[in-house]
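Visitor: I would like to learn how to read a structural model feature by feature. Could you take me through one, giving the general idea and then the case at hand?

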Amino acid sequence: MQSQQFSLSWNSQDPHLGSLSEEQMYSIWQNNGGIDGIQVFRYGVVDWTGRSVTSEGKAPLVSPAPHDRLLAKRGALADARRNLLLLLYEMKFGLPERLQAIEVTGEVVEGNVDFTGINDGMYIVEVTVPLGRFLSESLIFSSSVR
């Protein structure tokens, strides 16, 4: 029953699917447990119903000076992009239960910055990307997981 609901809710003409077919999206969804709604991963969150992925990035804020705020924001955005790349790997290949180290190189599609803030001396950003674009336009060049 869940697969029929999923199948019916995914329209292959939907621009959010990017270049993925309905079958490819269904396969990725099934490989990640076939969960309806929101699924939390180590490196981000996937909203299967809303068709988006979200990741958070953090960087230390050294001082409230404008140039330090800008550097912290840039660092937090870089951290969010790194987490999106790790999330892509996690969604496609999974991660071992006891992860010692992970190194992934690649490119992720640019997302929307939905939230910025400062908490306990850390600059925080939250970035959201449409699920279809994320899966079809982001690339993993190489990886090493231990």
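Predicted model: local features only at pLDDT ≥ 70, side-chain atom pairs only at ≥ 80, totals over all residues.

Visitor: What span does H3 reach from its first C-alpha to its last, and what is expected?

Guide: The expected span of a helix is 1.5 Å times one less than its number of residues. H3, with 28 residues, reaches 40 Å from its first C-alpha to its last, which is close to the 40 Å expected. After H3 comes Gly-94, which has a positive phi, near 75°.

Visitor: What is the mean pLDDT of the protein, and where is the pLDDT below 50?

Guide: pLDDT is the predictor's confidence in each residue, from 0 to 100. The mean for the protein is 86, and 87% of its residues reach 70 or more. Over residues 1-12, however, the pLDDT is below 50, although this stretch has 20 contacts in the model beyond near neighbours in sequence (a contact means heavy atoms within 4.5 Å).

Visitor: How many helices and strands does the protein have?

Guide: Helices (H or I, at least four residues) and strands (E, at least two) are DSSP runs, numbered from the N terminus. The protein has 4 helices and 7 strands, and along the sequence they follow the pattern α-α-β-β-β-α-β-β-β-α-β. Of the contacts with a separation of 6 or more, 65% are accounted for by residues 24 or more positions apart.

Visitor: How many aromatic pairs are found, and where do they lie?

Guide: Rings of Phe, Tyr and Trp (its six-membered ring) pair if their centres lie within 6.5 Å; planes under 30 degrees apart count as stacked, over 60 as edge-to-face and the rest as tilted. The whole structure has 2 aromatic pairs. Tyr-26 and Trp-29 form a tilted pair, 5.6 Å centre to centre with 45° between the planes, and they are separated by about one helical turn because they lie 3 residues apart in helix H2 (residues 22-31). The rings of Tyr-89 and Phe-93 have centres 4.9 Å apart and planes at 50°, so this pair is tilted; both residues lie in helix H3 (residues 66-93), 4 residues apart, about one turn of the helix. An α-helix has 3.6 residues a turn, so residues three or four places apart point the same way.

Visitor: Is Phe-93 buried or exposed, and what of Tyr-89?

Guide: Buried means under 20% relative accessible area, exposed over 50%, and partly exposed in between (1.4 Å probe, protein chains only). Phe-93 is exposed at 55% relative accessibility, whereas Tyr-89 is buried at 12%. In the other pair, Trp-29 is buried at 1%, while Tyr-26 is partly exposed at 24%.

Visitor: What does Ser-55 touch?

Guide: Ser-55, in strand S3 (residues 52-60), is buried at 2% relative accessibility. Leaving out residues up to four places away in sequence, Ser-55 touches residues including Tyr-43, Ala-80 and Val-125. A polar atom of the Ser-55 side chain lies 3.1 Å from the backbone oxygen of Tyr-43. Val-125, in strand S6 (residues 122-130), is buried at 0% relative accessibility, and its C-alpha is 5.7 Å from that of Glu-56, 69 residues apart along the chain.

Key
Residues numbered from 1 in each chain as written. Heavy atoms only, no water. Polar contact = N/O pair within 3.5 Å; in protein donor to acceptor, adjacent residues only side chain to side chain.
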